[in-house]
Amino acid sequence: MSNKWWGQVAYQIYPKSFCDSNGDGIGDLQGIISKLDYLKDLGVKLVWLSPIFKSPFVDQGYDIADYQAIDPTFGTMEDFDELLAKAKERGISIILDLVINHCSSEHEWFKKACADLNSEEAKYFYIREGKNGCPPDNLRSYFGGSVWEKLPGHENEDLWYLHYFCKEQPDLNWYYEPLRQKLYEMINFWLEKGVAGFRIDAIMNIAKDLTFPGLPADAPDGMCSAAKMTAKLSDEAATFLHEMNNATFKKHGAISVAEAFGVNPESLSNYIGKDGFFSTIFDFSARELNEKYPACYRYRPVSIAKWRDTIFASQERVNDIGFMCPIIENHDEPRGVSYYLPRHAQNADGAKAFGAVNVLLRGMPFIYQGQEIGMTNTRFDSIYEFDDVAAKDNYKVALEAGLSERQALDILNIESRDNARTPVLWSDEKNAGFSSAQITWLKVHQDYKNLNVRAQQNDPDSTLAFYQKLIALKNNEPYHDILTDGKFVALEPQAEYVVPFARELNGKQIQVIANFEDSAIVHKVTPNAQVVLSSKSVEIKDNQIIIPAVCAVVIAL
Ligand code: NOJ
């Protein structure tokens with residue numbers, strides 16, 4: 001693999017919840033700067049910041065009002081420059097979030113478009129007449145309701161604009177070449193500043209069928225999920241993505257990590273192959289298991305066995321093509337330990353074993369803030385404690401479908417995006433050391449007195465200490481090469497909740513056996529086997545290892 005990023009471990013920061021330096025209850029850039037040594041000690045080399053740009057925060061910064069300005073909530077451009085420089089001193093590269101399927105309705109482009117339909121900016125958006133008094137098509141937005149909204153200032157006319165996400169996130173018209181050039185200039189502005197690259201948001205949605213034909217309804221509301229249209233058009237985005245790569249990332253040797261749901265598996269090499277338009281994409285295959293059920297209230301649990309089979313299939317699919325980024329969770333997911341693991345493993349033991357799988361699978365793993373200390377879902381006691389636009393819509397839809405408030409709340413406590421958006425737990429002090437404010441923007445996790453960074457820094461057996469060891473194993477020889485370039489090989493699970501795989505290179509093998517069962521399993525090995533890391537103490541005897549309940553073992557052969 002020639003990609004220079006290959007072989008690193010990356011970390012996602014959700015800035016609102018990472019660390020608050022000025023006591024307003026919201027995380028900020030100076031807060032991140034104050035934790036750079038923590039990230040360095042953890043061993044991560046690449047940090048993705050979720051959006052820090054000027055925004056009204058209807059969708060927490062994924063609604064951008066100015067692509068080249070830092071939102072004052074987070075600080076200033078000087079703070080950002082300081083962050084870049086200080087991260088670099090510590091060997092850490094920064095990547096930003098590139099949200100270019102849509103902007104904010106507060107962006108001056110959209111304001112100008114609404115003010116003058118003949119303006120240049122009006123061409124940046126999809127503004128269309130309705131059909132027989134109805135919106136132009138029947139697609140349902142990702143956050144509920146139609147993807148069409150009446151154009152502000154033109155409510156008495158039959159004029160609608162397209163938004164696949166919130167109505168405050170109008171979609172940008174990628175079919176208009178001058179707009180694409182503007183976006184590329186903006187990307188190059190940040191790359192010239194020294195960011196290492198981007199995580200690219202919702203990018204598959206840029207392909208549209210400009211006849212807006214709609215799709216057969218997939219629910220009683222008569223609408224069809226916009227995701228289905230995106231999946232249908234997946235190959236259509238390729239020309240734009242190729243052009244964008246040539247005009248931006250490629251010129252700068254930048255890393256591009258795409259959030260690309262619905263890529264046609266046959267086209268994967270165009271995305272992440274040697275000459276692909278992206279360096280890599282996230283592996284969302286486990287997440288997609290639930291996408292079949294558009295409404296949250298129809299949520300189905302995904303067991304670790306299902307997770308394993310799904311992730312193993314996608315690891316095998318890309319072995320000879322490129323690499324994907326393994327994740328357990330992110331700011332759009334509940335905490336993986338709570339969501340995928342059986343109840344008896346929803347604890348530090350489970351977090352460590354799951355961490356071993358995440359870090360040692362083939363690809364560049366992303367660790368989401370707080371995952372490295374084993375954060376679980378936060379308990380929300382009322383709908384008023386949620387902030388997320390999707391959570392609120394899901395709650396409403398669940399009530400409309402006849403669920404009680406209690407039932408709807410229970411589901412959000414399992415499924416909601418806010419589960420992983422609550423503040424990072426730094427200590428057992430006020431607000432878990434995240435902020436000195438009276439109230440934080442989202443509530444603090446209930447277990448912060450025991451579950452926090454400071455407690456774990458003093459404990460060699462902590463989840464944090466184990467993550468440090470895992471990352472060090474991947475970063476350094478003698479195992480860096482095999483854990484980077486080694487082929488993924490699925491091993492036969494000894495029991496239902498066991499995740500066993502190997503990495504192979506030049507006749508050598510590293511095996512990772514993660515046992516999530518509530519009892520020990522026996523794993524047979526060859527006489528040359530050595531345990532290089534394990535989350536509980538184990539020994540090899542008579543060519544076998546007894547792996548205790550909820551434990552991961554890394555073996556070199
Ligand atoms: C994906 C982001 O991760 C999510 O948080 C956001 O709501 C949507 N894209 C829209 O930008």
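**Ground rules.** I work with a predicted model, in which local features need pLDDT of at least 70 and side-chain atom pairs count only at pLDDT 80 or more, while totals for chains, interfaces and linings use all residues. Residues are numbered from 1 along each chain as its sequence is written, and side-chain values use heavy atoms, with hydrogens and water left out.

I then listed the contacts of Ile-203 (heavy atoms within 4.5 Å): leaving aside neighbours within four places in sequence, Ile-203 meets Ile-100, Leu-241, Met-244, Ala-258, Glu-259, Ala-260 and Phe-278.

**Ligand.** Around the ligand I find, among others, Tyr-62, Phe-143, Phe-165, Arg-199, Glu-259 and His-331, where a residue counts as near if one of its heavy atoms lies within 4 Å. The shell divides into 3 nonpolar, 2 polar and 7 charged residues, with Ala, Val, Leu, Ile, Met, Phe, Trp, Tyr, Cys and Pro taken as nonpolar, Asp, Glu, Lys and Arg as charged, and the others, Gly among them, as polar. For polar contacts I use pairs of N or O atoms within 3.5 Å; within protein, one must be able to donate a hydrogen and the other to accept it, and residues adjacent in sequence count only if both atoms are side-chain atoms. An oxygen atom of the ligand lies 2.5 Å from an N or O atom in the side chain of Asp-59, and for His-102 the corresponding distance is 2.9 Å. A polar side-chain atom of Asp-201 is 2.7 Å from a ligand oxygen.

**Ser-141.** I place Ser-141 in the loop between β7 (139-140) and β8 (148-150), and I record it as buried because its relative accessibility is 4%. Its side chain reaches the backbone nitrogen of Phe-143 at 3.0 Å, and a polar atom of that side chain lies 3.3 Å from the backbone oxygen of Phe-165.

**Asn-413.** I record Asn-413 as buried at 13% relative accessibility. Leaving aside neighbours within four places in sequence, Asn-413 is in contact with Asn-377, Thr-378, Arg-379, Phe-380 and Asn-419.

Note on methods. Helix = DSSP H or I, 4+ residues; strand = E, 2+ residues; numbered from the N terminus. Buried < 20%, exposed > 50% of the residue type's maximum accessible area, 1.4 Å probe, protein only.
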